Amino acid sequence: MGLLVKGEWHTDWYDTEASGGEFVREQAQFHGNIGDDTFPAVAGRYHLFVSLACPWAHRTLIFRKLKKLEDVIGVTVVKAEMLDNGWELGKAGELEGALEGAVPSPVEGIEYMHQLYTRHDPQYSGRVTVPVLWDKETNQIVCNESAKIIRILNSAFDSLTEVREDYYPEPSRDEIDEVNAFVYDAINNGVYKTGFATAQDVYEKHYRALFDALETLETRLGKQRYLVGDQITEADWRLFTTLIRFDSVYHGHFKCNQRQIESYPNLSNYLRDLYQQPGVAETVNFGHIKTHYYYSHDTINPTRIVPLGPDIDYGRAHDRRSL
Ligand SMILES: N[C@@H](CCC(=O)N[C@@H](CS)C(=O)NCC(=O)O)C(=O)O
């Protein structure tokens, strides 16, 4: 764990002292678009760097899969553990098996993700996060904000594939934005704010907000199959990547342990419905997910023991078709 200061790597844990025990997420710094003159939509030019453990990177893998962009955008997987040097790229052959179609880094001479950031900007200051959408032609980061990358993948390459599914349909955009904001604050980022809190009252505040929000969604999903009506939208995929990690990691490691997702009738069936959408299960790697969290956060789990459970079959039947 660390960050870059004017291009120099520093091994620092998140500074929660300055914020009274609160984990404060840093904003992503690269927000380029695809489809303009700088970054035209071209097959084979752009590349994703992802961690299979990371819920934010997972969103981008799902969109690459659903929009059938495997031949348009390459992908490189980083090691599950994030240690003193931050995210680490494997040696050739080491990680490709973790995700079908993954390739070693196309950017030569880099061992760590922080070297990719300094390749783009030798003076970069900030956290070194995944996912990264990289332009191989100009050696630049196009974007390192998953919310933006999934919008890019949703439509920017449509002329290169036959897939026309739209996960951000015009008529539902206001509602999707509203649900996203609620889910992001209390759930996607909520589990981190709960798990990384270093003061009891801060932990309790985010824990309560998280479980209140899950209760709200449990009720909402009693009336409709997906978060915004009867069609899957980006709002569902953004929630999915947190829910699929919840019982294995956030419940124990982040102390989000009032309930497991398995105990909510609607949320658990909804989670299996999404997991069973074609191609999605292939993007889920519980080995990387569990190893990453339990191994990398040594202030939370210094023994690095990775728990064996829980055993949950996300492939078993769900009841959502009746809605
Ligand atoms: N806003 C970013 C957040 C990405 C993010 O925080 N990724 C985590 C992995 S789950 C990371 O790389 N953390 C490294 C760090 O904070 O040093 C996005 O959604 O793309």
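The following legends describe close-up views of a predicted model.

**View 1. The surroundings of the ligand.** The ligand is surrounded by 14 residues, and the closest of them are Cys54, Trp56, Arg127, Thr129 and Ser146. By residue class, this shell consists of 8 nonpolar, 4 polar and 2 charged residues.

View 2. Strand 1 (residues 3-5) is joined to strand 5 by 2 bridges, in the antiparallel sense. Within this pairing, leucine 4 lies opposite glycine 126 of strand 5.

View 3. In general, the strands of a sheet pair through backbone hydrogen bonds, in either a parallel or an antiparallel manner.

**View 4. Strand 6 and its two partners.** Strand 6 (residues 132-135) runs antiparallel to strand 3 (residues 46-50), and 4 bridges join the two. Strand 6 is also antiparallel to strand 7 (residues 140-143), to which 3 bridges join it. Tryptophan 134 takes part in both pairings: it is the bridge partner of histidine 47, and its own bridge partner in strand 7 is isoleucine 141. Leucine 133 has cysteine 143 as its bridge partner in strand 7. In the hairpin of strand 6 and strand 7, 4 residues lie between the strands, and asparagine 139 adopts a positive phi near 55°.

**View 5. The packing of helix 1 against helix 7.** Helix 1 (residues 55-66) packs with helix 7 (residues 234-250) at an angle of about 125°, and their axes are 9 Å apart. The two helices are therefore oblique to each other. The crossing of helix 1 and helix 7 is right-handed.

View 6. An unreviewed UniProt entry carries the annotation "domain: GST C-terminal" for residues 169-293. In the model, the chain over residues 169-293 is 63% helix and 0% strand. The end C-alpha atoms of this stretch are 34 Å apart.

**View 7. Two cis peptide bonds.** The peptide bond leading from valine 130 to proline 131 is cis, with omega near 5°. Proline 131 belongs to the loop between strand 5 and strand 6. Glycine 309 and proline 310 are likewise joined by a cis peptide bond, with omega about -5°. Proline 310 is located in the segment after helix 9 (286-296).

**View 8. The backbone at lysine 255.** Lysine 255 is not a glycine, yet it has a positive phi of about 60°. This residue, lysine 255, is placed in the loop between helix 7 and helix 8 (265-275).

Conventions:
Residues are numbered from 1 along each chain as its sequence is written. This is a predicted model: local features need pLDDT of at least 70, side-chain atom pairs count only at pLDDT 80 or more; totals for chains, interfaces and linings use all residues. A residue is near a molecule or strand if its C-beta atom, placed from the backbone, lies within 6 Å of it. Ala, Val, Leu, Ile, Met, Phe, Trp, Tyr, Cys and Pro count as nonpolar, Asp, Glu, Lys and Arg as charged, and the others, Gly among them, as polar. Two strands pair if DSSP finds at least two bridges between them. UniProt positions are given in the numbering used here, feature names are shortened, and annotations may be inferred rather than shown by experiment. Axes are lines fitted to C-alpha atoms, for helices over the stretch in contact, and angles run from 0 to 180 degrees between N-to-C directions. Angles under 35 degrees count as roughly parallel, over 145 as roughly antiparallel, 65 to 115 as roughly perpendicular and the rest as oblique. A crossing is left-handed if the near helix is turned anticlockwise from the far one by less than a right angle, and right-handed if clockwise.
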